Amino acid sequence: MNKKRRRLYIRSSILGVLAVLIGYVLYSNFTGEDTLVKEGETAPNFELRTLEGGTVELEDYRGQGVFLNFWGTYCPPCEEEFPYIENQYMEYQEKGVEVLAVNVGESDLAVERFVDRHNLSFPILMDEQKAVLDRYGVGPLPSTFLINEEGEIIDILTGGMTEEDIQEYMERIKPS
């Protein structure tokens with residue numbers, strides 16, 4: 001009888017710990033406090049390799065609006081919004097707005113196929129180690145940071161966007 005009671009206590013303790021851990025994970029995922037950077041802050045600088053092999057540093061885009069998008073080829077909303085982003089990029093690039101699309105942790109081959117399939121012309125940055133993703137505290141994909149010409153984050157967006165949304169966001173970060 002004593003062994004059964006001890007086993008019951010051990011099992012109950014383990015289930016209690018698991019319930020607390022699951023509760024914490026669910027709470028942290030649904031509170032909306034995913035990002036480490038906040039609106040009104042200066043966007044943290046980073047340097048990433050482009051899909052073509054060059055490098056891009058965020059600081060180089062001071063004076064321009066930056067539409068900083070974190071994405072993955074496996075993300076259906078990302079795939080849906082990319083043609084819209086491309087259309088608006090063609091319109092707003094000449095108005096001082098740059099799109100930086102940060103792929104998170106995928107192979108060059110997978111990303112190249114995706115880019116070719118969608119005929120994307122804006123810079124595709126490779127965050128192989130997910131360091132920039134972690135620095136920005138990105139949760140769900142897609143996530144987009146609107147950065148004004150002074151380098152300040154003016155909005156943080158999660159989820160897919162329509163073409164009208166993207167046009168409105170690019171208008172907001174267009175330099176004056």
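Select N2 to begin: this residue is exposed, with a relative accessible area of 57% (exposed means over 50%, buried under 20% and partly exposed in between, with a 1.4 Å probe and protein chains only). The model is predicted, so local features need pLDDT of at least 70 and side-chain atom pairs count only at pLDDT 80 or more, while totals for chains, interfaces and linings use all residues. Residues are numbered from 1 along each chain as its sequence is written, and side-chain values use heavy atoms, with hydrogens and water left out.

N2 belongs to helix 1 (residues 2–30); helices (H or I, at least four residues) and strands (E, at least two) are DSSP runs numbered from the N terminus.

Turn next to the aromatic rings. The whole structure holds nine aromatic pairs, where rings of Phe, Tyr and Trp (its six-membered ring) pair if their centres lie within 6.5 Å, and planes under 30 degrees apart count as stacked, over 60 as edge-to-face and the rest as tilted. Select F70 and Y136: their ring centres are 5.7 Å apart and their planes meet at 50°, so the pair is tilted. F70 is in strand 3 (residues 65–71) and Y136 in helix 4 (residues 131–136), 66 residues apart, and the pair links these distant parts of the chain. F70 is buried at a relative accessible area of 0%, and Y136 is buried at 1%.

Now select Y89 and F122, an edge-to-face pair with 5.7 Å from centre to centre and 80° between the planes. Y89 lies in helix 2 (residues 76–92), whereas F122 lies in the loop between helix 3 (108–118) and strand 5 (124–127), so the pair ties together parts 33 residues apart in sequence. Y89 is buried, with a relative accessible area of 4%, and F122 is buried, with 3%.

Finish at the cavity. One cavity of 30 Å³ or more is found in the whole structure; a cavity is a set of points, on a 1 Å grid over the protein atoms alone, where a 1.4 Å probe fits but cannot get out, and lining residues have an atom within 4 Å of a point. The largest cavity contains about 70 Å³ of space, a volume being the space filled by probe spheres set on the points, with grid points joined across faces, edges and corners. Select its lining, which includes A43, L58, E59, Y61 and R62.

Methods. 1 Å grid on protein atoms, 1.4 Å probe; cavity = no way out; pocket = protein on both sides within 12 Å on 5 of 7 lines; lining within 4 Å.
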